[in-house]
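Morning, everyone. I'll take the ligand site, then a few details of the backbone and the charges. Here is the model.

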Amino acid sequence: MKQNNKKVPIIIDTDPGHDDALAIMLLEYSEMVDIKAVTTVAGNGTIQNVTDNARYVLGLLGSDAPLYSGSSKPLKRALVRAVVHGENGLDGAPVERGGKLTGDAVRRIISIIRENPGEISILAIGPETNVAQAFLLDPELPRLVKRMVIMGGSIAAPGNESRVAEFNIFVDPEAAEIVFNAPVEKVLVPLDVCNDIILTKSDFNALKGTPLYEPVSKMMEKYISGISMNEKVKGALVYDPLAAYYFVDPNAYILEPMDVRIETKGEFTRGMTVAERRIWGMKDVNVLVATKVDGGRFKKDFFRILKGKER
Ligand code: BDR
Ligand code: CA
């Protein structure tokens, strides 16, 4: 699986969130990537809460990745927060509240990419507000990004925020529309594949004997009780690490080129990811959609990396 010694430089744009926290852990401990920045965006919690949560996670990992806070609300709408992550977005974790907000995530995204044209990938695992703002401010930027990997949307599965919309896209459809229309290679990891992969409470026993076991079990216990009730599953759906895992092992994914548009006007379909699936439909491919992820491989690597701290 180790392809070469060159680490992929990435920006993680995130709204932690229990599954965001797991995604950050996976990439921080993986030897495959170099985290140039963690940028926060309001979504699972307010910008204050998700930034405090991100700071807690980075501290737990002993990470020296720079943390920059970003948008406090979607481009054109009021913030809708998630329910399954609890009151402050990362229930079950002893997060210190009221930390510093830098407010410069968008500026940092632009400058990091500008300083390394064609090199930087973006992992977008929250609403796409920060990235859209960066693309609006600097229209050449999408062409300078190596690749975006996005957790969001659903192709044929029902939504998890509304009947048809996935949370990240639902929260800021206008931002998602900008990103989906931008000339940058995009890999989309939608609900359809995330729904197949569940981590149970006992899966986390794999971390016993490591410093992560206690804090991670505590936070996951809260998440599992919230999401298992909501989604009627016997464990946790872990969306964001499944997108993050693309940087660890892209061969674990089957990708299909698709033409996916974002609904920004519908009364009942706000934030729907509308894919052209008709055989005879004109297709203007804008995204590579993961239609299968090897869940067994993901689980094995996920716990091996969290246990072993590859670097
Ligand atoms: C997405 O919504 C958030 O609640 C999760 O962190 C994930 O990014 C799943 O729909
Ligand atoms: Ca998220």
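Let me start with a term. A pocket here is an open set of grid points with protein on both sides within 12 Å along at least five of seven lines. A molecule sits in a pocket if more than half of its atoms lie within 2 Å of its grid points. By that rule, ligand 1 sits in the second largest pocket. Keep in mind that this is a predicted model.

So, which residues are around ligand 1? The list runs Asp19, Asp20, Asn44, His85, Ile125, Met151, Asn160, Glu166, Phe167, Asn168, Tyr239 and Asp240. By class, that shell has four nonpolar, four polar and four charged residues. Three helices each supply at least two of the shell residues: H1 (18-29), H6 (167-171) and H10 (239-244).

Now the polar contacts. Take Glu166: one of its polar side-chain atoms lies 2.5 Å from an oxygen atom of ligand 1. For Asp19, the distance from a polar side-chain atom to a ligand 1 oxygen is 2.6 Å. How much of ligand 1 does the protein cover? On its own, ligand 1 has 280 Å² of accessible area, and the protein covers 97% of that.

Next, the backbone. Look at Pro16 and Gly17. The peptide bond that joins them is cis, with omega about -5°. Gly17 is found in the loop between strand E1 (8-14) and H1. And H1 is one of the helices that supply the ligand 1 shell.

Lys232 is placed in the loop between helix H9 (213-231) and strand E8 (236-237).

Last, charges. How many salt bridges does a search of the whole structure find? The count is 16. Here is an example: Arg55 pairs with Asp52, and their closest N and O atoms are 3.5 Å apart. Both residues lie in helix H2 (residues 47-61). They are three residues apart, about one turn of the helix.

That's my tour. Over to you.

Note on methods:
Residues numbered from 1 in each chain as written. Chains lettered and ligands numbered in written order. Predicted model: local features only at pLDDT ≥ 70, side-chain atom pairs only at ≥ 80, totals over all residues. Heavy atoms only, no water. Near = heavy atom within 4 Å. Polar contact = N/O pair within 3.5 Å; in protein donor to acceptor, adjacent residues only side chain to side chain. Areas by Shrake-Rupley, 256 points an atom, 1.4 Å probe, with all protein chains shown as cover. 1 Å grid on protein atoms, 1.4 Å probe; cavity = no way out; pocket = protein on both sides within 12 Å on 5 of 7 lines; lining within 4 Å. Helix = DSSP H or I, 4+ residues; strand = E, 2+ residues; numbered from the N terminus. Nonpolar A, V, L, I, M, F, W, Y, C, P; charged D, E, K, R; others polar. Salt bridge = Lys/Arg side-chain N within 4 Å of Asp/Glu carboxyl O.
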